[in-house]
Amino acid sequence: MGEKGVKPCASRSFFSVLVHKIGGAPVVRLSMAHSFLVGSLIVSLLVGSAYYWIIVASFLKPDPDFVGCRPDSEGSWSIGIYYGKSPLSLSPIELQENRINANSSAWPVANPVLTCATLSSAGYPSNFVADPFLHVQDNDLYMFFETKNTITMKGDIGVARSTDQGVTWQFLGIALMENWHLSFPFVFNYQNQIYMMPEGSKKGDLRLYRATKFPLEWKLEKVLIKKPLIDASMVQYEGFYWIFASDFTRSGTEKNAELEIWYSRSPLGPWLQHKQNPIYRADKSLGARNGGRLFIYGGSLYRPGQDCGGTYGKGIRLYKVEKLTKDEYKEVPVELGFEMPKKGRNAWNGNRYHHFDARQLQSGDWIAVMDGDRVPSGDVTRRFLIGCFCFSFAVSMIAFLGFVGGILKSVSPSSCCSVLFRRNESGTFRSYPRFHLKLRKFFNGGYKTRYCLTERMNPKTWLGMFIFCIFSLMGLAFVCVGVQFLYGGNGAQQAYSYKGQFSKFTMVTMTYEARLWNLKLYVKHYSRCESVREIVVVWNKGTPPDPSEFDSAVPVRIRVEKVNSLNNRFKPDPLIKTRAVLELDDDILMTCNDVEKGFRVWRENPQKIVGFYPRLIDGDPLLYRNERYARGKNRYNLILTGAAFMDSEFAFNKYWSEEARKGREFVHKNFNCEDLLMNFLYANSSYHNSDYGRTVEYVHPAWAIDTSKLSNVAISRDTQKHYDIRTKCLAKFKKIYGPLHIEKLEFGMRRDKWDK
């Protein structure tokens, strides 16, 4: 027993001594450290939540037509269609002027023409569609493809039909389903029968099916090759049938890098191996694995292969076969004639495309289908791991701040251990002097380290405050990055479909030489939006730039005007190939996602002006007021055309009609109010229509930046003077065209709340 009933230090644990010695005040400081940690975590959660609702959620507005499509580690594949005079020179459907759908708001129809939403909306939940093969039957086109079933998470073979040469597709159903994964549905004719040779390597063999009731009923005909071959494609060439495929069992450097050839006198077999098998087995970027159907053009045989370097299905390589016999094989690479996408993740095939099937039509022209994906393989898993790492790192930084700022302050190793090393007490430590000395040095070193850290991390000093702020900002930044990767989707600002179809629009902006800096930033940003087909720059004054000066993913056309007038904005332009135009001032920057939402709303209402800046015009006489006034009244009846979608043919012809001549003269004289004139013209045109009074619709942007404030070239810097001129314009236009017959609409009337 120790003196006064206290046990010797040696008989107590270190932590019991620590608790015994720190007493009251340090415990309070320890509680403060805990409070700091809890407070930091709460702040982090609040910042993360705010970042999600303000930034992330604005990019996650669901596409109403994409119900059922779920993120998948294999990707988000969809299918597009291409046309041309040659399979080596093809262009997408949106560039075909003669491919106009009866649905005028889909002018032109754009890729992709088939997505997971096509199947999901028909009651067949799908994560993606890929590996398309065409079958031509009279004037109808049938497309067979792999669909990843959302429930079973395995591939089935779906089929769709087009009666208008590929412009629109009707999903017919699941053509083939097995208990194992199916893909790559190679379909062909032989002796008046239709056969399908899908990939089913999980079963361990290559099987052939025959259609008993085309296209939805199939029967197993026979097993062709008892080997797990993948992506098998068959072609008849110089007296033999040839199968090109890859061995699924390959691993390591040979995975996706192996190619085998088999031959037979009949598609039904028997099949023999080529003497040089395997043809390839080393470099997966060479296109060894098949990327679609082999085809013959100009008497030569061509083979599409997958470039799997970097990620699975990165691209397609095309090879011309120079020699194919039972003993020899030689092929050389050739150009596919396909323009590479430049919009990155914002394009449906911006990251990879791995399957190509070209067929010749009765007209002699060629048609092809190709799949594409906007994200690399394993993107879902990668984003999850990065998000978890960022959150873990943020929590670690917060814990470190709490440890240094609180724990070390409240615990003094030297004071705790003074009990352990009293001279007048005997104990275990005194029995071992060397260990006793080392232990004292250890705690003295810990005390010095604590002292050094607490001096530098003291929030009462400028250095400590600076370090604290840096660590706090870094922690909050990692929280935001973690939220972005875990909940922000794949990072794409993709187009919204309407009635299962996509389309394109032309952007029109008006500027002059003093605003060239704005224009370059404008073009670089908006050219990456998925639905933008072309940017037309109306050059009003000065020496025009060369289009090559712009960093653009779409064509840029400079239209030089002789007279500097705001009326030039709406001048009819026969070179515009889309029905929809987005008139957008060169000093406005908003997200591609907001632009795509506006385009979707316009496609629902192509007879309206759909824009991003609402106004409420009321009073007697009419007064021009800002958006704050409109929101205060919860009404709007006018849309500024400096950021609005409209029908190019109707709007431009209406603006330059004889009816609008007096209004145009007033606009030119005052260099203002061209948007007000357009609203009056739209309102009057609907006077005798069912849409009377409903000629505008608002879409709320997540954010918009006025870049003219950065370059000091704003046109209307005196806001009040600008508004006074516009009030005079309203009086003038009312005198010419009568009252503004536009119904006052409430904000937030849409079911999707895009107008909130």
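Helices (H or I, at least four residues) and strands (E, at least two) are DSSP runs, numbered from the N terminus. The structure is a predicted model, in which local features need pLDDT of at least 70 and side-chain atom pairs count only at pLDDT 80 or more, while totals for chains, interfaces and linings use all residues. Residues are numbered from 1 along each chain as its sequence is written, and side-chain values use heavy atoms, with hydrogens and water left out.

**Confidence**

- The protein averages a pLDDT (the predictor's confidence in each residue, from 0 to 100) of 84, and 80% of the residues score at least 70.
- Over residues 1–30 the pLDDT is below 50, and this stretch has 34 contacts (heavy atoms within 4.5 Å) in the model beyond near neighbours in sequence.
- Residues 411–426 also have pLDDT under 50, with 30 contacts beyond four places in sequence.
- Where pLDDT is low, the predicted coordinates should not be read in detail.

**Two buried residues**

- Ser-183 counts as buried (under 20% relative accessible area, with exposed over 50% and partly exposed in between; 1.4 Å probe, protein chains only) because its relative accessibility is 3%.
- Not counting residues up to four places away in sequence, Ser-183 touches Asp-131, Glu-146, Ile-157, Pro-198 and Glu-199.
- Leu-361 is placed in the loop between β21 (356–360) and β22 (366–372), and its relative accessibility of 12% makes it buried.
- Leaving aside neighbours within four places in sequence, Leu-361 is in contact with Leu-141, Gln-165 and Ile-367.
- From C-alpha to C-alpha, Leu-361 and Asn-139 are 8.9 Å apart in space, although 222 residues separate them in sequence.

**Helix α11**

- In helix α11 (residues 648–655), the buried residues are Ser-648, Ala-651, Phe-652, Lys-654 and Tyr-655.
- Seen down the axis of α11, these residues fall within an arc (of the directions from the helix axis to the C-beta atoms) of 165°, so they line one face of the helix.
- Their packing partners are β27 (580–584), β32 (643–647), α12 (661–670) and α13 (674–685).

**Nonpolar surface patch**

- Phe-389, Phe-393, Leu-463, Phe-466, Ile-470 and Met-474 make a nonpolar surface patch of about 570 Å².
- Patches are made of residues with over 30% relative accessible area and no salt bridge; like charges are joined within 9 Å, and nonpolar side chains (Val, Leu, Ile, Met, Phe, Trp, Tyr) within 5 Å.
- A salt bridge is a side-chain nitrogen of Lys or Arg within 4 Å of a carboxyl oxygen of Asp or Glu.
- Helices α4 (379–410) and α7 (462–487) each supply at least two residues of the patch, and α7 gives the largest share, four residues.
- Leu-463 lies in α7 and, at 48% relative accessibility, counts as partly exposed.

How values were computed. Accessible areas come from the Shrake-Rupley method with a 1.4 Å probe; for residues, only the protein chains shown count as cover.
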